[in-house]
Amino acid sequence: MGMLGFSGYKSSPGVHEPPPSKGWPRYKFIVQNHFFRLIKLNLLFIVFCIPVFTIPAAIAGMSAVLMSLVREGNTFMWNDFWSEFKTDFPQRMLIWFLLMLVPNLIGYIPILMGYENAASFISVAISSLLFVVTCYWFPMIVKLDLSVWQALKNAVFLVPLEWKRSCIMLVMGAVFSFLAVYLYPYSLILLLLGAFSFMYLAICVMGNDTINERILKSNGTEDEEDEDEADGKDEDGFDDVSCADDDLPET
């Protein structure tokens with residue numbers, strides 16, 4: 001059986017192949033089978049973002065639901081969302097808002113030095129980098145037995161290590177922001193009907209593939225695993241972890 005348990009799916013009548021387990025085929029499979037559930041999740045996410053300071057918790061809740069869909073093929077939407085929403089609430093809120101403040105604070109440095117034109121460029125560049133960091137961070141904090149700080153460290157390492165996926169995430173964020181502004185007010189309809197959940201589904205698919213390939217190493221030798229356990233880290237420098245749902249029964 002594969003590490004993520006996808007071989008446990010039951011095929012529908014007339015279907016002899018298991019559903020896709022990764023990449024674009026996995027994304028397409030989930031959209032086709034859970035289209036209206038994704039719309040409901042998007043609305044739930046927007047409602048829980050209204051107080052503003054709950055945005056990081058709402059992203060975590062949405063990520064938990066999406067990661068369940070990616071990994072298990074199903075989810076108890078409200079239970080998964082609410083359980084993750086209230087987990088480590090203060091720490092996640094603090095880290096997320098610090099990440100959002102960093103670009104603005106660093107952007108003041110060129111202004112103080114008399115380089116006003118460079119301030120906007122530097123702020124946008126740092127904001128883009130930190131957006132990609134959060135794209136790895138949220139899937140890890142909802143599905144791995146890591147502290148929020150350990151997950152943040154791993155996310156920072158993954159940005160250059162997984163540069164192809166990082167570039168895709170960056171382009172997705174840029175296109176999403178451009179369309180939201182350029183098509184306003186018509187973009188409000190798309191934002192309400194699923195723009196957030198559909199984009200974050202793609203992020204969670206890539207995040208899950210990265211977690212499986214980079215952190216949950218299933219093909220290491222026993223000697224390597226023993227050595228890793230001795231210092232608590234794997235060969236890439238990531239903290240030794242297990243998946244939070246490794247003990248779930250097959251579906």
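## Salt bridges, core and surface of a predicted helical model

The side chains of Arg214 and Glu162 form a salt bridge with an N to O distance of 2.7 Å; the term denotes a side-chain nitrogen of Lys or Arg within 4 Å of a carboxyl oxygen of Asp or Glu. Arg214 belongs to helix α9 and Glu162 to the loop between α7 (148-161) and α8, so this pair ties together parts that are 52 residues apart in sequence. Helices here are DSSP runs (H or I, at least four residues), numbered from the N terminus. Arg214 is partly exposed at 21% relative accessibility, whereas Glu162 is buried, with a relative accessible area of 10%. Buried means under 20% relative accessible area, exposed means over 50%, and partly exposed lies in between (1.4 Å probe, protein chains only). Through shared partners, salt bridges join Lys22, Glu162, Arg165, Glu213 and Arg214 into one network.

The model is predicted: local features need pLDDT of at least 70, side-chain atom pairs count only at pLDDT 80 or more, and totals for chains, interfaces and linings use all residues. Residues are numbered from 1 along each chain as its sequence is written, and side-chain values use heavy atoms, with hydrogens and water left out.

### Further salt bridges

A search of the whole structure finds five salt bridges. Side chains of opposite charge can pair when their charged atoms come close.

| Pair | N to O distance |
|---|---|
| Arg214 and Glu162 | 2.7 Å |
| Lys22 and Glu213 | 3.0 Å |
| Arg92 and Glu84 | 2.7 Å |

The side chains of Lys22 and Glu213 meet in one of these bridges. Lys22 is located in the segment before α1 (23-33) and Glu213 in helix α9, so the pair ties together parts that are 191 residues apart in sequence. Lys22 is partly exposed, with a relative accessible area of 43%, and Glu213 is likewise partly exposed at 36%. In the pair of Arg92 and Glu84, Arg92 is buried at 3% relative accessible area, and Glu84 is buried at 10%.

An α-helix has 3.6 residues a turn, so residues three or four places apart point the same way.

Phe81 also takes part in the largest nonpolar core, which holds 60 residues; Leu66, Phe81, Tyr136, Trp137, Met140 and Leu201 touch the most other members. Such a core is a set of buried Ala, Val, Leu, Ile, Met, Phe, Trp, Tyr and Cys residues joined through side-chain atoms within 4.5 Å. Leaving aside residues up to four places away in sequence, Phe81 touches Leu41, Leu44, Phe45, Phe48, Ala58, Gly61, Met62 and Val65, where contact means heavy atoms within 4.5 Å.

Helix α8 (residues 163-182) supplies the largest share of the patch, five residues. Tyr182 is found in this helix and is exposed, with a relative accessible area of 60%.

Ala195 is in helix α9 (residues 187-215). Ala195 and Ala180 are 15 residues apart in sequence, with a C-alpha to C-alpha distance of 9.4 Å.

### Backbone details in the loops

The peptide bond from Tyr184 to Pro185 is cis, with omega near 5 degrees, and Pro185 is in the loop between α8 and α9. Val52, although not a glycine, has a positive phi of about 70 degrees. Val52 lies in the loop between α2 (35-49) and α3 (55-72) and is partly exposed at 47% relative accessibility. Asp88, also not a glycine, has a positive phi of about 50 degrees. Asp88 is placed in the loop between α4 and α5 (89-112) and is partly exposed, with a relative accessible area of 34%.

Conventions
Helix = DSSP H or I, 4+ residues; strand = E, 2+ residues; numbered from the N terminus.
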